[in-house]
Amino acid sequence: MGKTLFQKVWDVHTVAKLPNGQTQLFIATHYIHEVTSPQAFGMLRDLKLPVMFPERTFATVDHIVPTTSLAEPFADPVAQSMISELRKNCRDNGIKFFDTVTGEQGIVHIVGPEQGITQPGMTIVCGDSHTATHGAFGAVAFGIGTSQVRNVLATQTLAFSPLKVRRINVNGALGKGVGAKDVALHLIRLLGVDGGLGFAHEYGGSVFDNFSMDERMTVCNMAIEGGARVGYVNPDETTFAYLKNRNFAPKGEAWDAAVARWKSFASDPDCHYDDVVNVDAADIAPTVTWGITPAQNIPANGIFPNPDEMAPADAATAREAYAYMKFTPGTPVAGTPINVAFIGSCTNGRLTDFVAAAEFLKGKKVAKGVKALAVPGSQIVAKKCAELGIDEIFRAAGFEWRLAGCSMCLAMNADKLSGDQICASTSNRNFKGRQGSPSGRTLLMSPLMVAAASVAGTVVDCRDVL
C-alpha cells in the first residue's frame, strides 16, 4: 500500500521512536519572530547551549512592528525592546534576519514562501499557531510553543506525536464571488472547530488543483481554526512554478533534482486515509462569521441562526456569542453595520488578495464613518502593489495604506479596535477581544467581501454588488 505525503515526510525526518510513543523529528526549517523567541534564546543562554544549525532558522519581525512609521525608537518601548532583542539574538547566533531595513520584512508566513525557503517535503515549525500555512507547498508544518522553540534551536529536533490523515476533496466550480477564504470558513463550519483534532488535513480535488499558491496558503493557514495541527496540499506544477527562481530555491541542475524529489513526496494513489470528506464547490457561498469562533459562520445572504435549533453544546456557545456580539437571531447578516474594514494578515495579506479587492474598489469610495486599513503582508507585497498601482486604488477609495506587519489581526501594535466596534476583517480569528478591544467584534470574510462592506458601510453579499 502507498503512503500519504504526511507519512513520507514523517518517515524521512524521523530520528528516533521514543518510549512514550512520540517521534523525535528532525526539523528542516525553523521560523522565528520577535514574540515567542526571546525567552527561548534566554533559556539557551542559561543552559550555555549554542544554536545547533543556525542556517536552518530564519527570522522576521511582524507582530509588534508599527504600520505607520518604522522610525526608531518605536513609540511603544516594549515593541522597541522586542525588535532589539531579536536583532541581538540573530546577530549573536548567525541567523538570517529579514529586518525592517532589508525591503524583505513581513509576516513570517508570507516571508518564508516568497523567499523560496518553504519547500515541498520539509518539516517546518514556528512559534506561531498559523504555521500550517506552509503546508500549501507540500510540507508538514505546524506551530510550537516557546519551550519547543528552545528545543529546536538547541537540537534541530522535536518530540511530536504522529497524526491521522484526513483527505478533504473540494470538487466542482466555485460560484461568483467565492474565494479561498470562503472555502476555509465553509470547511470549518462543516467539520467544527474541533473536527480536525488529531488529524493532518490533506486538501485536494479540482478546486485545490486550480487554486494559486496564495489561495492554497489561505486555506492551509486556517487548518488550525478547524482543530487540525497540519494542513497541506500535494506539490504540483503550480508549486514548482511559484518556487522557481526565488532567492532560496535551488538553481540550475540542482533545481531539476529538487523538482524530481519534491514530486516523490506527493501522496500515492493507493495510500490509505483515516477519513475522507467530499465537498461540492457549488455548496460554498461568500461567507461571513457572526460569532466568536470561526465555525460560527453563515452565507452572506443568510440569517443569524437560532440557538434553540442547535445541539445543546452548540447552543450554549451561540448564546454566549450573541451576548457578546449583540446580534439578534433570525435577522439577516446582510445589512449589519461595520465601523472598521481590515484587509491584511497571514491569511489574506498577499498580492492576489489586494488585487481582488482593488478590482472591486476602483472608482468607489469607502462609506462615511468607516475606518479602512489595508496592510500588506510583506515589504515585497507592498512593492509589487506599488508597481501595479494597487496602493493608489486603495488610497483613492479612502483606505489607509499601511506598512507591512500583522497589524489588526492580533493587534499587538497600535492598530486596534476601540469599544465595541464591528470590524469586517480578512484575518483568521474572531475570538473575544482578538483585535485589541475587550469588547471589539470581528466578522471574518474574504478580501472581496471586506471591500464590498467598506463601500456599503454594512455587510453585503458581494454577489449582489459585483
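Phe26 is partly exposed, with a relative accessible area of 22%; here buried means under 20% relative accessible area, exposed over 50%, and partly exposed in between, using a 1.4 Å probe and protein chains only. The model is predicted, so local features need pLDDT of at least 70 and side-chain atom pairs count only at pLDDT 80 or more, while totals for chains, interfaces and linings use all residues. Residues are numbered from 1 along each chain as its sequence is written, and side-chain values use heavy atoms, leaving out hydrogens and water.

In strand S8, Thr157 is the bridge partner of Phe26. Helices (H or I, at least four residues) and strands (E, at least two) are DSSP runs numbered from the N terminus. Strands S2 and S8 run antiparallel and are joined by 4 bridges; two strands pair if DSSP finds at least two bridges between them. They belong to an open sheet of 3 strands in the order S1-S2-S8, with antiparallel pairing. Its edge strands, S1 (14-17) and S8 (157-160), each pair on one side only. Helix H1 (residues 5-13) lies across S1, S2 and S8, at about 80° to S1. For such angles, axes are lines fitted to C-alpha atoms, for helices over the stretch in contact, and the angles run from 0 to 180 degrees between N-to-C directions. Contact means heavy atoms within 4.5 Å.

Next come the aromatic rings. A search of the whole structure finds 18 aromatic pairs. Rings of Phe, Tyr and Trp (its six-membered ring) pair if their centres lie within 6.5 Å; planes under 30 degrees apart count as stacked, over 60 as edge-to-face and the rest as tilted. Phe26 and Phe53 form an edge-to-face pair, 6.2 Å centre to centre with 70° between the planes. Phe26 lies in strand S2 (residues 23-26) and Phe53 in the loop between H2 and strand S4 (57-60), so the pair ties together parts 27 residues apart in sequence. Phe53 is partly exposed, at 29% relative accessibility.

Phe58 and Phe248 form another edge-to-face pair, at 5.4 Å centre to centre and 85° between the planes. Phe58 is in strand S4 and Phe248 in the loop between helix H9 (237-243) and helix H10 (253-264), 190 residues apart. Phe58 is buried, with a relative accessible area of 9%, whereas Phe248 is partly exposed at 34%.

Helix H2 (residues 38-47) has Ala40, Phe41, Gly42 and Leu44 as its buried residues. These pack against strand S3 (29-32), helix H3 (77-93) and helix H5 (146-155).
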